[in-house]
Every structure is written in structure tokens, then in C-alpha cells.
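Biologist: I am new to this structure and would like to learn how to read it one feature at a time. Please show it first.

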Amino acid sequence: MAAAAELTLLEKSLGLSKGNKYSAQGERQIPVLQTNNGPSLTGLTTIAAHLVKQANKEYLLGSTAEEKAVVQQWLEYRVTRVDGHSSKDDIHMVLKDLNSYLEDKVYLTGYNFTLADILLYYGLHRFIVSIQIVTGSFSAVFRMPFFLS
């Protein structure tokens, strides 16, 4: 899923009115949002955090200092480990790591749903639907709420 499509889905899930226009820059097609009253914003996680704040849902960025750091960690993981990696081996390793991490957690921060859960789901969705996975291989990943619906 292209970043602009992800950001549009995020806007919808946050209850924001549609209206933002996204473009992309560079070889990696980094998303850009031109704001009405300020400089343009660049980068998936930067724009996503901006949208969360616009929607007055800052709790999606974490409640405590530690939770905020974990959210940032997983947003960074999304951009550095998931985006741009398309080989089955890379994705298998990401899913294996994620499955191990989620063994005793409901969400990436533990028990609170955050922006990290949303963006990691969006980033992994295309791989989940396009590759064949043995059902029980990543049981903790598929327990994530998005995959249950």
C-alpha cells in the first residue's frame, strides 16, 4: 500500500475530514503533506503523528514516557525494517521477530492500542495477503486485532 493510501486510511480511522493532499518525493517515494499554515511535512511517521494530534487522539502516541518511546521504536521499525524490504526471507524474519515480541502482549506497547499498531498493520498487510503462510507459524502476529477482523 502506498504511503498516501495509508495516510488517507489513517485520516478516515481518526475521523478526520478528507482534504489533505499528499505527494511523494525521491526515489523511495517519501510522502509529503503540504499544510495550510506552515511548512510541508515529510515522512510517513511524521505526517501520521501530525494527523493523530489534529484528531485530538494523542493517546495513540503513548501515555507514559516509556510508552511514547516504545511507540517511536515501532514506528522507526516500520520505516527501517518493513518498508523497502520485499523478499520473502526479509518478511519472514520480520514476522518471526514480531511474533516473538508479541507472545505475551496484545498490542505493541503491551495493552494499549497505538499509532504503532496501525502503521505496522498497514505496512505488513500487503505481505500477509500476498504470501502463503502456514496458519500456526505466526500465531501472535495474527492475534493482533486488525488481523482478527
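Biologist: With which side chain does the side chain of Lys 105 make a polar contact?

Modeller: This is a predicted model, in which local features need pLDDT of at least 70 and side-chain atom pairs count only at pLDDT 80 or more, while totals for chains, interfaces and linings use all residues. Residues are numbered from 1 along each chain as its sequence is written, and side-chain values use heavy atoms, leaving out hydrogens and water. A polar contact is a pair of N or O atoms within 3.5 Å; within protein, one must be able to donate a hydrogen and the other to accept it, and residues adjacent in sequence count only if both atoms are side-chain atoms. For Lys 105, the partner is the side chain of Asp 104, at 2.9 Å. The Lys 105 side chain also reaches the backbone oxygen of Tyr 101, at 3.2 Å.

Biologist: Where is Lys 105 found?

Modeller: In the loop between helix H4 (88–102) and helix H5 (115–130). Helices (H or I, at least four residues) and strands (E, at least two) are DSSP runs, numbered from the N terminus. The protein chain has seven helices and three strands, and from the N terminus on their order is α-β-β-β-α-α-α-α-α-α.

Biologist: How much of the chain is buried?

Modeller: Buried means under 20% relative accessible area, exposed over 50%, and partly exposed in between (1.4 Å probe, protein chains only). Of the 149 residues in the protein chain, 42% are buried. In H2 the buried residues are Leu 44, Ile 47, Ala 48, Ala 49, Leu 51 and Val 52.

Biologist: Which residues of the largest nonpolar core touch the most other members?

Modeller: A nonpolar core is a set of buried Ala, Val, Leu, Ile, Met, Phe, Trp, Tyr and Cys residues joined through side-chain atoms within 4.5 Å. The largest one here has 39 residues, and those touching the most other members are Leu 10, Leu 14, Leu 51, Trp 74, Leu 115, Leu 120 and Leu 124. H1, H2, H3, H4 and H5 each supply at least two residues of this core, and H5 gives the most, with ten.

Biologist: What is Leu 120 in contact with, leaving aside its neighbours within four places in sequence?

Modeller: Contact means heavy atoms within 4.5 Å. On that basis Leu 120 is in contact with Trp 74, Tyr 77, Arg 78, Val 82, Leu 98 and Leu 108. Across the protein chain, among contacts between residues at least 6 apart in sequence, 60% join residues at least 24 apart.

Biologist: Is Asp 83 buried or exposed?

Modeller: Asp 83 is buried, because its relative accessible area is 18%. Asp 83 lies in the loop between H3 and H4, and its side chain makes a polar contact with the side chain of Arg 78 at 2.6 Å. Not counting residues up to four places away in sequence, Asp 83 touches Arg 28, Leu 44, Arg 78 and Arg 126.

Biologist: Which residues lie nearest the centre of the largest pocket?

Modeller: On a 1 Å grid over the protein atoms alone, a pocket is an open set of points where a 1.4 Å probe fits, with protein on both sides within 12 Å along at least five of seven lines; lining residues have an atom within 4 Å of a point. Of the 17 lining residues here, Ala 3, Arg 28, Gln 29, Pro 31 and Asp 83 lie nearest the centre. H2 gives the most to this lining, with three residues. The space in the largest pocket is about 350 Å³, where a volume is the space filled by probe spheres set on grid points joined across faces, edges and corners.

Biologist: What is the volume of the second largest pocket?

Modeller: About 230 Å³. Its lining has 13 residues, with Gly 19, Asn 20, Gln 34, Asn 36 and Gln 54 nearest its centre.
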